[in-house]
Amino acid sequence: MARSLQSVRLQSLRWRLLRTVCVASLCGLAMTAMMSYWQAQHEAEELMDGHLAQSARLLLALVRDNEAHLTDLATRLATVRSSEENLYEPPLEFQIGGAEGALLLRSEHAPRADLSAPPGYTVIEHDGQPWRLLNLVASSGDYRVQVGQSIVLRDRAALEVAVQTVLPIVLMSPLLLLLLYYSVRRGLKPLDDLASDVAARSPENLMPLASRSAPSEVQPLVAALNRLLFRLRDTLDNERRFTADAAHELRTPLAVVRIQAQVAQLTADDDDRRHALDQILAGTDRATRVVEQLLRLARLDPLAQLPTPSGIDLAVLARRVLDATQIPGDGRSISLQTRGTPLVVSGDAELLEIVLRNLLDNALRYTPGKTQITVFARRENGDLSLGVADDGPGVAAEELPRLAERFYRGSEASSDGSGLGLAIAQRIAELHGALFEVANLDGGGFEARLRWPGTAAAVQQAR
């Protein structure tokens, strides 16, 4: 369990960001410290070389002013010799010679190097240690001076300077890491607030998340979550409305069944009993239709797209539905109309058959006798259409926009309908990328159809 928690922690955005920033910062600090160290060491050596040159010039001036008292000069210079324990004042050793390089004066520990060497800096070995020497000749050429320092002592002084330069960087590193941690934590606080806001939500609180306080990088996530909340709220609203409407629709046929069953139980007349039993069967049939339609809608609602679409010839599908339909013997007739080729779309044949059967059932249920009903599959102006038309009285214009609402039945509709057929047709049309349209015809009559616009129809066929 502890290992899994540690794995989750390492995968968090905060720790990944903090780890990356800290590693990058430490690498930058290390490079800065190294460069500062090298630069400080180089500058310290340059400074000590400058000190050698300045000391050499001072010695030349002192020799020229004390030519008659060189022995006393050596004694006085010995009294101001620094200690080796002072890192920043390494002892300075010297030799003074004449114009030809003859030795005139030297300090006690000075290396015995050739005074006639060319002017400039050189490195020699003395007492098993390297020494840095500077040879300098007076402008008049009458004196030569050689000053030197132990490179070991010089390096100790340079190292101390470099360490003191790098030390503040080292000491500031922990503080910098703490500041980075605080900055990352504070910078990611909007994400924590967003997570807390989402975690506090319940099915009763699906209001959009506040996006003003969220950084721009999180705005797409907030927008996506808000879209999800909108869809979830719509889904829950539909579920509640659907459940309430379903309970209302089922209550009526079940109440009729109960009443007619009581009538059949209490009556002694055979005709009344038979009539009651017929009403019980009719109520059961209506409840069965409502349940079947509800189950069908419950299966279609969660789908975002068709699971296994295939090529469907609309003309063949319309013929198959028409052949399976019982034509009532009240003078109504049903014909098939196909026009244009090809009439192939990508979809689910079973679902499209359900649409066509529902439309055909509505036409047979809500039109009077001697009505001409037409089942059609056609291509017009590049659009594909599949539907049913009749030459009946049509539907009131104000009711057309509501016909596809669930459980809505027009004012002229009979009481045995469920009000779900056209809602199912519209949902199936959405899954097929088609438009579900209902309209009164100009010459009289009513038409309901699925229409694939030209572009959508071409895409469906390409699939």
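Trainee: In this predicted model, which residues of the largest nonpolar core touch the most other members?

Mentor: The largest nonpolar core of this predicted model has 42 residues, and the elements that give two or more residues to this core are H8 (314-323), H9, S9, S10, H10 and S12 (446-452). Within that core, the residues that touch the most other members are Leu 314, Leu 352, Phe 436 and Trp 452.

Trainee: Which element gives the largest share of this core?

Mentor: Helices H8, H9 and H10 are among the elements that give two or more residues to the core. The largest share amounts to nine residues, and the element that provides them is H9.

Trainee: Which residues does Leu 352 touch, not counting residues up to four places away in sequence?

Mentor: Leu 352 lies in H9, where it is one of the residues that meet H10. With residues up to four places away in sequence left out, Leu 352 touches Ile 312, Leu 314, Leu 317, Val 345, Ile 428, His 432, Leu 450 and Trp 452.

Trainee: How do H9 and H10 run, roughly parallel or roughly antiparallel to each other?

Mentor: Helix H9 covers residues 349-366 and helix H10 covers residues 421-431, and their axes lie 9 Å apart at an angle of about 150°. The crossing of the two helices is left-handed. Because angles over 145 degrees count as roughly antiparallel, H9 and H10 are described as roughly antiparallel.

Trainee: How many nonpolar, polar and charged residues does the contact of H9 with H10 have?

Mentor: On the H9 side the contact includes Leu 351, Ile 354, Val 355 and Asn 358, while the H10 side includes Gly 421, Leu 422 and Ile 428. The residues of this contact divide into nine nonpolar, three polar and no charged.

Trainee: How many of the eleven residues of H10 are buried?

Mentor: The buried residues of H10 include Leu 422, Ile 424, Arg 427 and Leu 431. H10 is largely enclosed by the rest of the structure, because the number of its eleven residues that are buried is nine.

Trainee: Is Asp 127 buried or exposed?

Mentor: Asp 127 is found in the loop between strand S3 (120-126) and strand S4 (129-137), and its phi is near 55°, a positive value in a residue other than glycine. Since its relative accessibility is 69% and the cut-off for exposed is over 50%, Asp 127 counts as exposed.

Trainee: What is the relative accessible area of Asn 381?

Mentor: Asn 381 is found in the loop between S9 (372-380) and S10 (383-390), and although Asn 381 is not a glycine, its phi is positive, at about 55°. Asn 381 is exposed, and its relative accessible area is 83%.

Methods. Residues are numbered from 1 along each chain as its sequence is written. This is a predicted model: local features need pLDDT of at least 70, side-chain atom pairs count only at pLDDT 80 or more; totals for chains, interfaces and linings use all residues. Side-chain values use heavy atoms; hydrogens and water are left out. Axes are lines fitted to C-alpha atoms, for helices over the stretch in contact, and angles run from 0 to 180 degrees between N-to-C directions. Helices (H or I, at least four residues) and strands (E, at least two) are DSSP runs, numbered from the N terminus. Angles under 35 degrees count as roughly parallel, over 145 as roughly antiparallel, 65 to 115 as roughly perpendicular and the rest as oblique. A crossing is left-handed if the near helix is turned anticlockwise from the far one by less than a right angle, and right-handed if clockwise. Contact means heavy atoms within 4.5 Å. Ala, Val, Leu, Ile, Met, Phe, Trp, Tyr, Cys and Pro count as nonpolar, Asp, Glu, Lys and Arg as charged, and the others, Gly among them, as polar. Buried means under 20% relative accessible area, exposed over 50%, partly exposed in between (1.4 Å probe, protein chains only). A nonpolar core is a set of buried Ala, Val, Leu, Ile, Met, Phe, Trp, Tyr and Cys residues joined through side-chain atoms within 4.5 Å.
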